[in-house]
Amino acid sequence: MNKIVIKGGKPLRGEVYIEGAKNAVLPIVTSALLATEGVSKFYNVPNLSDVKIISELLTSLGVKINYNKEEKTLEVDATNPLKKEADFEFVSKMRASFLVAAPILVREKFAKVAMPGGCAIGSRPIEQHLKGFSLLGANIIKDAGYVELKAEKGLTGTTIFFDFPSVGATQNVIMASCLSKGKTILVNVAQEPEIGDMISFLKKMGAKISGENTSCLVIEGVEKLHGAEHTIMPDRVEAATYMIAAAATKGNVLVKNARYEDNVALVSKMREMGVQIEVNKNEIRVKNDRDYLLPIDVKTLPHPGFLTDMQSIIMVLTLLAKGVSTITETVFENRFMHVEELRRMNAKIRIEGRSALIEGGEKLEGTSVKATDLRAGAALVIAGLIANGQTVVTNIKHIDRGYVNIEEKLRK
Ligand code: EPZ
């Protein structure tokens, strides 16, 4: 499907089930490349186009993949030697493909990986990834859109300070450190829950890592790692999307397979706005029967701060607040493209530098809008749910990257 047509105005009621996390399954499936013995099997794998892309990339590297969409399982057998080059065709489609750099480098002593392009939300450089590889002893050549990493004698552990707690750089350098000689200390690492999920899988493979969920990790290099089984954590951004949709439509929804501890920042901001939220084990109920919500101030930050992926989504909720809310985006330099589209729906939003000022209280008018990136697309779908008349969201291949059957779940 290339567009979603929404008739707004109906409160959402009932239950919604949250799938496995896109931003956990991608680094975890890539970590399985570190195993030279045995097969890894994953459960609760979401049926997403990004999972299809990473499966195709791994297959191109000589890895045996069995992706069963119905059973939501995925098996990885990486016991054959890995092809040393990851083609531009994959890395240009999905930035997370750059995570194969570490496994290829530590196993084959040489890796040639296309540099991930920028994307709509920002330039997205990789200097933190390369800083980690170089401190571990790799020689790096950047040439014509590719990065060549060489380490004939393998990698040697050391202390690495990240200038910025980059999620991807943390993931790449953790993988490289697990099979480096000796001890590596990583300082100022990203602490997103998806990294915690990746570390728990690596430890099942035999990796020696301590300090998870803190800003400092200590990794003892080991000789080899073996395959293991792992259930992917729930997708906290998908959960956030349905929680906000429930509140925005003045509905009453039970979000199942959602972990409160992954969404503490979001729950507290929604409660500040006056939304009723009940937290139970592995499920969250969201209710809103207020005439209007209260305005809030949000600043996106690395975890445990407010997640940048939820910025566009909570912006739609602030349109229902009486007063001016501010949302400041500190993680990506160009992640306000949904604002232009929301303005076309009559939203009153002003941008000043890295902050958006949202004057809530105006009714949105349905019209045709374009998804510019994954989470902007999700925000526009929610806007359509609360707008007068009909909204058509186009360019929704972005949405298919991160949401399984969003239209079916919302209809239900
Ligand atoms: C991951 O991207 C997520 N993607 C993103 O989710 C998420 O928005 C982001 O983390 C932040 O939480 C996946 O997990 C697949 P970063 P990643 O490296 O790893 C700058 C979604 O919607 N930076 O933490 O690319 C970079 O430019 C996606 O699912 C450097 O400057 O995030 C950006 O401004 C979108 N140098 C900021 O850090 C570097 O070497 C965050 O990037 C690396 C990053």
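**Exercise 1: a helix and its surroundings**

Helix H5 is followed by Gly-137, which has a positive phi near 110 degrees. The model is a predicted one, in which local features need pLDDT of at least 70 and side-chain atom pairs count only at pLDDT 80 or more, while totals for chains, interfaces and linings use all residues. Residues are numbered from 1 along each chain as its sequence is written, and side-chain values use heavy atoms, with hydrogens and water left out.

Task: state which residues of H5 are buried and which elements they pack against.

Solution. Helices (H or I, at least four residues) and strands (E, at least two) are DSSP runs, numbered from the N terminus. Buried means under 20% relative accessible area, exposed over 50%, and partly exposed in between (1.4 Å probe, protein chains only). Within H5 (residues 127–135), the buried residues are Gln-128, His-129, Leu-130, Gly-132 and Phe-133. These pack, with contact meaning heavy atoms within 4.5 Å, against helices H4 (101–108) and H6 (167–178) and strands E9 (139–143), E10 (146–150) and E11 (159–161).

**Exercise 2: cysteines**

Solution. Cys-178 is buried, at 1% relative accessibility, whereas Cys-216 is partly exposed at 30%.

**Exercise 3: a hairpin**

Task: describe how E5 and E6 run and how many bridges join them.

Solution. Strands pair if DSSP finds at least two bridges between them; E5 (residues 64–68) and E6 (residues 73–77) run antiparallel, joined by five bridges. Lys-64 stands opposite Asp-77 in E6. Four residues lie between the strands of this hairpin, where Lys-72 has a positive phi near 60 degrees.
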